[in-house]
Amino acid sequence: MTLATAITLFRLILVPVFGWLAIEYGKTVEQGNPTEELRWLAVITYITAAAFDSVDGWVARRYDQKSLTGAILDPLTDKALLLTGIIILSLVEWGQDWHLPLWFVILVILRDIEILGGIIILYSINGKVPIKPHWTGKVCTVTQMIALGWVMLKFLNISPVYPTILATIFTVWSGYAYYMMGYRQLPKNAARA
């Protein structure tokens, strides 16, 4: 196992740790006695897992430790971290009406299913799928993280619905952009059908 893969596995282990801390903090909020130490531990765990994404990529490039395992595990870990945060912070209150709306979770999951389903369909038709990140996908991830951070950090007393709306715009936009990229990869005869 390479160092880069070990770092990715460390990040993956932090995902359920973050989830547990986030849920436990939500329980203390529900009981009317928030334990802020739990919230900060959840935030630090999340930030650590997110920050080490750059580290494992740098190690893989710097020490030529690129591997198929890392290429698959790294984006799965990123997605697991983001989805865990979005799902938990929509189901668990972190304050009075301080959570992500459930419809946002459904939208994020549907977009991911659309992209994964498109990749499977294209692979079954073409035997290959050139995957190129689109700028809207990157902005989508950043805006989703901002919405998530808004709930976790509680710095501003402005409802999390506003950053969620921004994330929603880019979630829908990037879903459409990836749909169009996939549609253009269909063979001409399949595209007409």
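**Exercise 1.** In this predicted model, find the residue just after helix 2 that takes a positive phi. Then ask which residues of helix 2 are buried.

*Solution.* Go to the end of helix 2, which covers residues 36–62. Just past the helix sits D64, with a positive phi of about 50°. Now check the helix itself. Buried positions of helix 2 include L38, R39, Y46, D56 and A60.

**Exercise 2.** Determine which parts of the chain the salt bridge between D78 and R11 ties together.

*Solution.* Start with the distance. The closest N and O atoms of D78 and R11 are 2.4 Å apart. D78 lies in helix 3 and R11 in helix 1, so the bridge ties together parts 67 residues apart in sequence. Then check accessibility. R11 is buried at 1%, while D78 is partly exposed at 26%.

**Exercise 3.** Locate the partners of the K79 and D112 salt bridge.

*Solution.* The side chains meet at 3.3 Å, N to O. K79 is in helix 3 and D112 in helix 4, 33 residues apart. K79 counts as partly exposed, at 26% relative accessibility. D112 counts as buried, at 15%.

**Exercise 4.** Work out how helix 4 runs relative to helix 6: roughly parallel or roughly antiparallel?

*Solution.* Take the axes. They come within 10 Å and cross at roughly 10°. Angles under 35 degrees count as roughly parallel, so helix 4 is roughly parallel to helix 6. Among the contact residues are W103 and F104 of helix 4, and Y178 and Y179 of helix 6. The contact residues divide into ten nonpolar, eight polar and two charged.

Definitions and conventions. Residues numbered from 1 in each chain as written. Predicted model: local features only at pLDDT ≥ 70, side-chain atom pairs only at ≥ 80, totals over all residues. Heavy atoms only, no water. Axes fitted to C-alpha atoms, helices over the stretch in contact; angles between N-to-C directions. Helix = DSSP H or I, 4+ residues; strand = E, 2+ residues; numbered from the N terminus. Parallel < 35°, antiparallel > 145°, perpendicular 65-115°, else oblique. Contact = heavy atoms within 4.5 Å. Nonpolar A, V, L, I, M, F, W, Y, C, P; charged D, E, K, R; others polar. Expected span 1.5 Å × (residues − 1). Buried < 20%, exposed > 50% of the residue type's maximum accessible area, 1.4 Å probe, protein only. Salt bridge = Lys/Arg side-chain N within 4 Å of Asp/Glu carboxyl O.
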